[in-house]
Amino acid sequence: MEDTPITAELTLPGGTLSRFTGHTVRTLSDMRGYYADTAAYEALLAQGDRVLYEVYEVARPALPGELSHGTTILYPGQVGEEYVMTKGHYHAIRETSEVYYCLLGEGMMVMEKPDGATSVQAMCAGTVLYVPPRWAHRTVNTGQQPLVTFWVYPAVAGHDYASIQERGFRKIVVERGGGPAISDNARFQQGSAGSGEG
Ligand code: S6P
Ligand code: ZN
């Protein structure tokens, strides 16, 4: 693994990086079970699978001191009333944090802790958002254009998707009267999100 300094170009409005180690493309079919309105999800999928978000990552070795970083391009849209969103995750090592810098678009970061604490923060170009240790996090695009974020987190963190996939977040972001509103997730299931690997 390269241990010399790395320079990359982050191009806007696309949000792409000129150098990266991984490129993940998430489509509607990857998101089965995530959206509250399952009928709307199936109806949309029947019209065709489409890309919902892309991630460009400079993944670094899982060693103390290393920082992984990259960009997420979350496309606009809705599944029923619910705005397009990322899967969301805890970091496998719960005592790790993350910094997000919003470069373009409008959205929200939905966050919660296993003890039930929740926080939903608005993001637009210029917003710097700190996700402290132990907070699960998901990005939601509430705007009309791609939501582009740059993020940095400890490379040792790892990801726990299962806790969110099984239970969801307590809060969801839906369209009400032409704008975003935060709503209780009727499908949220109580349960322990565990302590992670750390
Ligand atoms: C990683 C960081 C982001 C997300 C990305 C996609 O810790 O939070 O790179 O991975 O925004 O979200 P998700 O929930 O599908 O990984
Ligand atoms: Zn993360």
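Predicted model: local features only at pLDDT ≥ 70, side-chain atom pairs only at ≥ 80, totals over all residues.
Three strands form an open sheet in the order β11-β10-β13, and their pairing is antiparallel. The two edge positions belong to β11 (residues 118-124) and β13 (residues 136-141); each has a single partner strand, so one side of each is left without a neighbour in the sheet. From one strand to the next, the twist averages 20°.

The pairing of β10 with β13 can be followed in detail. Strand β10 covers residues 106-112, and six bridges join it to β13 in the antiparallel sense. One place to look is Met-109, whose bridge partner in β13 is Thr-139.

Strand β14, residues 147-154, takes part in two further pairings. With β5 (residues 67-74) it pairs in the antiparallel sense over eight bridges.

Next come two details of the backbone. Most peptide bonds are trans, and most residues other than glycine have a negative phi. Against that background, the peptide bond from Leu-12 to Pro-13 is cis, with omega near 10°. Pro-13 is part of the loop that runs between β1 (residues 10-11) and β2 (residues 16-17). The other detail is Arg-134, which is not a glycine and yet has a positive phi of about 80°. Arg-134 is in the loop between β12 (residues 128-131) and β13.

The last stop is ligand 1. Which residues are closest to ligand 1? Of the 15 residues that surround it, the closest are Tyr-53, Gly-88, Glu-98, Tyr-100 and Tyr-161.

In His-89, an N or O atom of the side chain is 2.9 Å from an oxygen atom of ligand 1. For His-91, the distance from a polar side-chain atom to an oxygen atom of ligand 1 is 3.2 Å. For His-159, the corresponding distance is 2.8 Å. Ligand 1 taken alone exposes 390 Å², and the protein buries 96% of that area.

Note on methods: Residues numbered from 1 in each chain as written. Chains lettered and ligands numbered in written order. Heavy atoms only, no water. Pairing = 2+ DSSP bridges. Helix = DSSP H or I, 4+ residues; strand = E, 2+ residues; numbered from the N terminus. Axes fitted to C-alpha atoms, helices over the stretch in contact; angles between N-to-C directions. Near = heavy atom within 4 Å. Polar contact = N/O pair within 3.5 Å; in protein donor to acceptor, adjacent residues only side chain to side chain. Areas by Shrake-Rupley, 256 points an atom, 1.4 Å probe, with all protein chains shown as cover.
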